[in-house]
Amino acid sequence: MLELVPQAYTRADEAFDCLQTAIVKGDLTPGEKIGEVELCSRFNLTRGPLREALGRLESRGLLVRRPHAGVKVVSVSADELIELYRIRELMEGLAARQAAERMTDAEIAALRATLDTHETMIEQAQGQAYYQAEGDYDFHHRIATGSRNTKLTQMLLGDLYYMVRMYRYRLSTSSGRPHMALGEHRNIVDAIANRDGELAEFLMKRHIHAARKNIEQKIRDGELTI
């Protein structure tokens, strides 16, 4: 039997994680033009790992390269962002319904534990932000994988996932929104634990609908520049 050896965490991995977090948190803003020299200096990176990291970010759709224009952080219009959230509302609603039917009790317990860590992070941020790392640390990622729907998971966790993460953090910084979002997450998990797919779908759709309304309000108030 082959023994799997964990891959070493490389300097390129470090550069990738650093830059992806900077994009998600808005330290590198949508549409911002970036250069290698500036990034090396700003984030204390070396040229080789940086170039590999930029290629990976480009493949994820977080960076775009244009002839004679260099590399920029990807951006979407206000209308495109709203449409992304409309798509999420439908697709993640279905994912929550199927997660209620298919997630194991152990997976649900792990999801509750993840939300406990989120609550700690929100408190540390004094209720002003709700940052979720990707993968198993992300509530929405876990619901998608818990649906056991391969095609749905591929759509939710492809380019759509990374694009939306750019804006989710910025939109979580409204006063009171982090605690409200966490409460909504807990209610969805309760419905999943009770194997109530209909309620889980309704709550997820309402959760993302509320996020979309928050976006629309921020755009109208000039608080969100896209």
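Of the contacts in this chain with a separation of 6 or more, 75% are between residues 24 or more positions apart. Keep in mind as you look around that this is a predicted model. The chain has 10 helices and 3 strands, and buried residues make up 46% of its 226 residues.

**Overall build**

- Along the principal axes, the C-alpha atoms fill a box of roughly 60 × 55 × 35 Å.

**Surface and charge**

- The accessible surface of the chain is about 12,000 Å², and carbon and sulfur atoms account for 52% of that surface.

**A pair of rings**

- A pair of aromatic rings is described by the distance of the centres and the angle of the planes.
- This structure holds 1 aromatic pair.
- The partners are tyrosine 161 and tyrosine 162, with ring centres 5.1 Å apart and planes at 75°, so the pair is edge-to-face; an angle over 60 degrees is what counts as edge-to-face.
- Both tyrosine 161 and tyrosine 162 are buried.

- Look for glutamate 216 in helix 10, which covers residues 197-220.
- Glutamate 216 has a relative accessible area of 15%, so it counts as buried, the cut-off being under 20%.
- Leaving aside residues up to four places away in sequence, glutamate 216 touches Ile82 and Arg86.
- Alanine 78 is 138 residues away from glutamate 216 along the chain, yet their C-alpha atoms are separated by 8.5 Å.

**Two residues with positive phi**

- Most residues other than glycine have a negative phi.
- Glutamine 126 has a positive phi, near 55°, and sits in the loop between helix 5 (105-124) and helix 6 (139-146).
- With 69% relative accessibility, glutamine 126 counts as exposed.
- Arginine 148 also has a positive phi, near 60°, and belongs to the loop between helix 6 and helix 7 (150-156).
- The relative accessible area of arginine 148 is 41%, so this residue is partly exposed.

Definitions and conventions. Residues are numbered from 1 along each chain as its sequence is written. This is a predicted model: local features need pLDDT of at least 70, side-chain atom pairs count only at pLDDT 80 or more; totals for chains, interfaces and linings use all residues. Side-chain values use heavy atoms; hydrogens and water are left out. Helices (H or I, at least four residues) and strands (E, at least two) are DSSP runs, numbered from the N terminus. Buried means under 20% relative accessible area, exposed over 50%, partly exposed in between (1.4 Å probe, protein chains only). Contact means heavy atoms within 4.5 Å. Accessible areas come from the Shrake-Rupley method with a 1.4 Å probe; for residues, only the protein chains shown count as cover. Rings of Phe, Tyr and Trp (its six-membered ring) pair if their centres lie within 6.5 Å; planes under 30 degrees apart count as stacked, over 60 as edge-to-face and the rest as tilted.
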